[in-house]
Amino acid sequence: MGSSEVPLPVVVPSPEIPAANEGSAPASDSKPKKKICCACPDTKRLRDECIVEHGESACTKWIEAHKRCLRAEGFNV
């Protein structure tokens, strides 16, 4: 059987989000436009499928890809 690994999506940060977003809550002008549960559905699906099939320790690249996507959307994760 062949590998069913899906290539890692490329996530480009949005230019309107400031690079240094310190603190627990984002500033009002860089507030995410979506709820965190609805942001980045593609990376979330890939991350979740990988964890269910292979366990969390085998899916760090998908977990990190989802975190990068969430940060690009303005979430502090």
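Select Cys 50 and Cys 59 first: a disulfide joins them, with an S to S distance of 2.0 Å. The term disulfide denotes a pair of cysteine sulfur atoms within 2.5 Å. The torsion about the S-S bond of Cys 50 and Cys 59 is about -90 degrees, so this disulfide is left-handed. Cys 50 and Cys 59 are both buried, where buried means under 20% relative accessible area, exposed over 50%, and partly exposed in between (1.4 Å probe, protein chains only).

The model is a predicted one, in which local features need pLDDT of at least 70 and side-chain atom pairs count only at pLDDT 80 or more, while totals for chains, interfaces and linings use all residues. Residues are numbered from 1 along each chain as its sequence is written, and side-chain values use heavy atoms, with hydrogens and water left out.

Next, select Cys 40 and Cys 69, which are also joined by a disulfide (S to S 2.0 Å). Here the torsion about the S-S bond is about -95 degrees, so the disulfide of Cys 40 and Cys 69 is left-handed. Cys 40 lies in the segment before α1 and Cys 69 in helix α2, so the pair ties together parts that are 29 residues apart in sequence. Both Cys 40 and Cys 69 are buried.

How many disulfides does a search of the whole structure find? The search finds two, and with the bonded cysteines numbered in sequence order the pairing is 1-4, 2-3. Cys 37 is in no disulfide, and the nearest cysteine sulfur, that of Cys 38, is 3.5 Å away. That separation is too far for a bond between Cys 38 and Cys 37. Colour this pair by accessibility: Cys 37 counts as partly exposed at 46% relative accessibility, and Cys 38 counts as partly exposed at 47%.

Now select residues 60-72, helix α2, whose 13 residues reach 18 Å from the first C-alpha to the last, close to the 18 Å expected at 1.5 Å a residue. Helices are DSSP runs (H or I, at least four residues), numbered from the N terminus, and the expected span is 1.5 Å times one less than the number of residues. Show the side chains of the buried residues of α2: Trp 62, Ile 63, Ala 65, His 66, Cys 69, Leu 70 and Ala 72. These buried residues pack against α1 (41-54), with contact meaning heavy atoms within 4.5 Å.

Methods. Helix = DSSP H or I, 4+ residues; strand = E, 2+ residues; numbered from the N terminus.
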